[in-house]
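This report describes one protein chain, going from a single residue pair to the whole fold. Please keep the sequence and the coordinates at hand while reading.

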Amino acid sequence: MSPGLFQVRMGSELAHSPATKIFPLARAVYGAGALEPSVLQNWYEINPDIFVTVWFEDALAGYLSCLPINETVFAQTLLPEFDEKGIVPLTSCGRDYFG
């Protein structure tokens, strides 16, 4: 990677899971509500491209998690009491998505 350049990589382009590197960023943004690395790892193993990562000089600078979810689950995410830790991946990108 060239010095001073940001690089965007899909999860499947990485040699290793970014779960443990994502966690400190998630903790900084979400505090105690951040998902544990084991949950992030589980999602990564099912669908590596769930994470789009941004790197700066070989350090993780940011990420975006892209959860394919069905309409029912999306409606649940809008409820104040929704807990994203309850999202269980059924298939990597199957017709049921996450439910």
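Which residue in strand 3 is the bridge partner of Thr-53?

## Thr-53 and its partner

The model is predicted. Thr-53 lies in strand 2, and its bridge partner in strand 3 is Tyr-63. Strand 2 and strand 3 run antiparallel and are joined by six bridges.

Is Thr-53 buried or exposed? Its relative accessibility is 0%; Thr-53 is therefore buried, since the cut-off is under 20%. Leaving aside residues up to four places away in sequence, Thr-53 touches Gln-7, Val-8, Arg-9, Leu-14, Pro-18, Leu-60, Gly-62 and Tyr-63. The side chain of Thr-53 also makes a polar contact of 2.7 Å with the side chain of Trp-55.

Three strands make up an open sheet, ordered 1-2-3, with antiparallel pairing. Strand 1 (6-10) and strand 3 (59-65) are the edge strands, each pairing on one side only. On average, neighbouring strands of the sheet are turned by 25 degrees against each other, direction ignored.

Helix 1 packs on this sheet and touches strand 2 and strand 3. The direction of helix 1 makes about 70 degrees with that of strand 3.

## The nonpolar core

The largest nonpolar core consists of eleven residues: Leu-14, Ala-19, Ile-22, Leu-35, Leu-40, Trp-43, Tyr-44, Ile-50, Phe-51, Trp-55 and Leu-60. Helix 1 (19-30), helix 2 (37-46) and strand 2 (51-56) are the elements that give two or more residues to this core. Helix 2 gives the most, with three residues.

One of the core residues is Ile-22. Residues up to four places away in sequence not counted, Ile-22 touches Leu-40, Phe-51, Leu-60 and Tyr-63. Tyr-63 is also the bridge partner of Thr-53.

## The chain as a whole

The chain has three helices and three strands. Read from the N terminus, the order of the elements is β-α-α-β-β-α. Of the contacts with a separation of 6 or more, 62% are between residues 24 or more positions apart.

Buried residues account for 25% of the 99 residues in the chain.

Conventions:
Residues are numbered from 1 along each chain as its sequence is written. This is a predicted model: local features need pLDDT of at least 70, side-chain atom pairs count only at pLDDT 80 or more; totals for chains, interfaces and linings use all residues. Side-chain values use heavy atoms; hydrogens and water are left out. A nonpolar core is a set of buried Ala, Val, Leu, Ile, Met, Phe, Trp, Tyr and Cys residues joined through side-chain atoms within 4.5 Å. Buried means under 20% relative accessible area, exposed over 50%, partly exposed in between (1.4 Å probe, protein chains only). Helices (H or I, at least four residues) and strands (E, at least two) are DSSP runs, numbered from the N terminus. Contact means heavy atoms within 4.5 Å. Two strands pair if DSSP finds at least two bridges between them. Axes are lines fitted to C-alpha atoms, for helices over the stretch in contact, and angles run from 0 to 180 degrees between N-to-C directions. A polar contact is a pair of N or O atoms within 3.5 Å; within protein, one must be able to donate a hydrogen and the other to accept it, and residues adjacent in sequence count only if both atoms are side-chain atoms.
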